[in-house]
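Please read this briefing alongside the sequence and the model.

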Amino acid sequence: MNACKAGIRAILILCCGAGAALPPGAVADSETLAANAQRIEQRITELSAFGANPGGGVSRVAFSKADIAGREYIKELMRKAGLVVRVDTAGNIIGRREGSDPSLPVIMLGSHIDSVPGAGNYDGDLGVIGAIEVTQLLHEHGVGTRHTLEVVSFTDEEGGLIGSLAMTGRLGASALDVVSHSGMAIRDGIRAVGGDPDRLQLARRKPGELKAFVELHIEQGAVLHEDGVDIGVVEGIVGIRWWDVTIDGVANHAGTTPMNRRRDALLSAAELTLAVNRIATTLAGRHVATVGRIRAEPGAPNVIPGRVVMSLEIRDLAAEQIELVHQAIVAEARSIATARQTPISFAEIDVASAPAPTHERMRRIIAGSAELLGLTHKLMPSGAGHDAQDMTHIAPTGMIFVPSVGGISHSPKEYTSPKDMANGTNVLLRTVLAIDDGALD
Ligand SMILES: [Zn+2]
């Protein structure tokens, strides 16, 4: 129906200050298209049957039987929303809705439905079901868009952003040999879901091919829930650096070596662990730093630890901030090493995850869409990795967060209310329509 289309366009132009000329007399009507909270909730529940765990939540690891069955369910929902469904060579499910102007690039929206073992029912799932809801609303109300829309469900997000890495041409050949949670090598998994690991280049989308990428996702943290804010406008996905920190002491007899003649590597490690926390807490910024793993050698109750290898992880939206925190920790480590006569060395592990800021104008469009809907919003970083971080390499990318109750995620206790899911979906809808109307031009 053109009337409702014009209505939506009118509101978007008020909010975003950009877009095509409106038919004269068009009336703004924000009620015209609205996400169906009950339908979203029902679909989340139906999807959670695939890989359901007895105690709640799901284990729908990529390429498992549950994942394959869940993918079929998603394809069916896409077809019901009028989308033409295909699977690219990386195994990404793509549902396409043609726009009126084939010369325009595609607006892509979506997330993933694979999970970690022992997961909840919302991480990724909401982004796919919400994106399908957007296209279903357009379909049901006969609203056309100028740009072609594509809803994507990415392959194996939890196993290392496999589908989005392939789509952006950044999936290394060695990643295909990695054994996924399913027990299958990623190469075989991609084949099992209908992809073709030998022709991954066909899944690649070049810069310019996509007008934008938008991902709706649960926050997986407690900020929105605790602050009572409806929508998170994601500033970017934080970068991550990892180090193995090795502390060398002297292993010796725990009974015969007096307390004042020890060079105990574990004591230095304990001091350094506390220092990491103190530095991360006291330095200005929003970085986080964690010691998550520690191994003492030889690891016997009656031997003074001669060597400790511990992990150090630092995350922030700015690479310089990560480096700053790292340098402060290294300086502290030097003084611990001298005082305790236990040399400390840092070896960086290549996890290759640079900060991925979202597109500045996409943030404004998302915030404007939330305002239009009367929803409160807040600019925030994402501390967790998402497919959106890969997509920033090839398209203006935006990300919409909705509250996670208690900030719990990767757990059967993960929960987001139907109202919050519908809010996020409505923001996604408005964002897509604003982009279609030229808000990014
Ligand atoms: Zn996710």
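The term pLDDT stands for the predictor's confidence in each residue, on a scale from 0 to 100. This is a predicted model, in which local features need pLDDT of at least 70 and side-chain atom pairs count only at pLDDT 80 or more, whereas totals for chains, interfaces and linings use all residues. Residues are numbered from 1 along each chain as its sequence is written.

**Confidence**

- The protein has a mean pLDDT of 92, and 93% of its residues reach 70 or more.
- Over residues 1-30 pLDDT stays under 50, and for this stretch the model has 58 contacts beyond four places in sequence, two residues being in contact if their C-beta atoms, placed from the backbone, lie within 7 Å.

**Domains**

- The domain assignment, which is automatic or taken from a database, gives domain 1 as 2-238 + 355-436 and domain 2 as 242-353.
- The centres of the two domains, taken over C-alpha atoms, are separated by 39 Å.
- Eight residues of domain 1 are in contact with eight residues of domain 2, and the side of domain 1 that touches domain 2 has four nonpolar, three polar and one charged residues.
- In these classes, Ala, Val, Leu, Ile, Met, Phe, Trp, Tyr, Cys and Pro count as nonpolar, Asp, Glu, Lys and Arg as charged, and the others, Gly among them, as polar.

**Helix H2 and its partners**

- Helices (H or I, at least four residues) and strands (E, at least two) are DSSP runs numbered from the N terminus; axes are lines fitted to C-alpha atoms, for helices over the stretch in contact, and angles run from 0 to 180 degrees between N-to-C directions.
- Helix H2 (residues 37-47) packs with helix H4 (residues 125-140) at an angle of about 135 degrees, their axes being 10 Å apart, which makes H2 oblique to H4; angles under 35 degrees count as roughly parallel, over 145 as roughly antiparallel, 65 to 115 as roughly perpendicular and the rest as oblique.
- H2 passes H4 in a right-handed crossing, where a crossing is left-handed if the near helix is turned anticlockwise from the far one by less than a right angle, and right-handed if clockwise.
- Arg-39, Ile-40, Arg-43, Ile-44 and Leu-47 of H2 make this contact with Asp-125, Leu-126, Ile-129, Gly-130 and Glu-133 of H4, and the classes are five nonpolar, one polar and four charged residues.
- H2 also packs with helix H12 (residues 418-436), at an angle of about 110 degrees and with the axes 9 Å apart, so H2 and H12 are roughly perpendicular to each other.
- On the H2 side that contact is made by Ala-37, Gln-38, Ile-40 and Glu-41, and on the H12 side by Pro-418, Lys-419, Met-421, Ala-422 and Thr-425.

**Helices H10 and H12**

- Helix H10 (residues 360-372) and H12 pack at an angle of about 125 degrees with their axes 9 Å apart, which makes H10 oblique to H12, and their crossing is right-handed.
- Ile-365, Ile-366, Ser-369, Ala-370 and Leu-372 of H10 meet Val-427, Arg-430, Thr-431, Ala-434 and Ile-435 of H12, a contact with seven nonpolar, two polar and one charged residues.

**Backbone details**

- Most residues other than glycine have a negative phi, and most peptide bonds are trans.
- Phe-63, in the loop between H2 and helix H3 (65-80), has a positive phi near 75 degrees.
- A cis peptide bond with omega of about 5 degrees joins Glu-297 and Pro-298, and Pro-298 is placed in the loop between strand E10 (294-297) and strand E11 (303-304).
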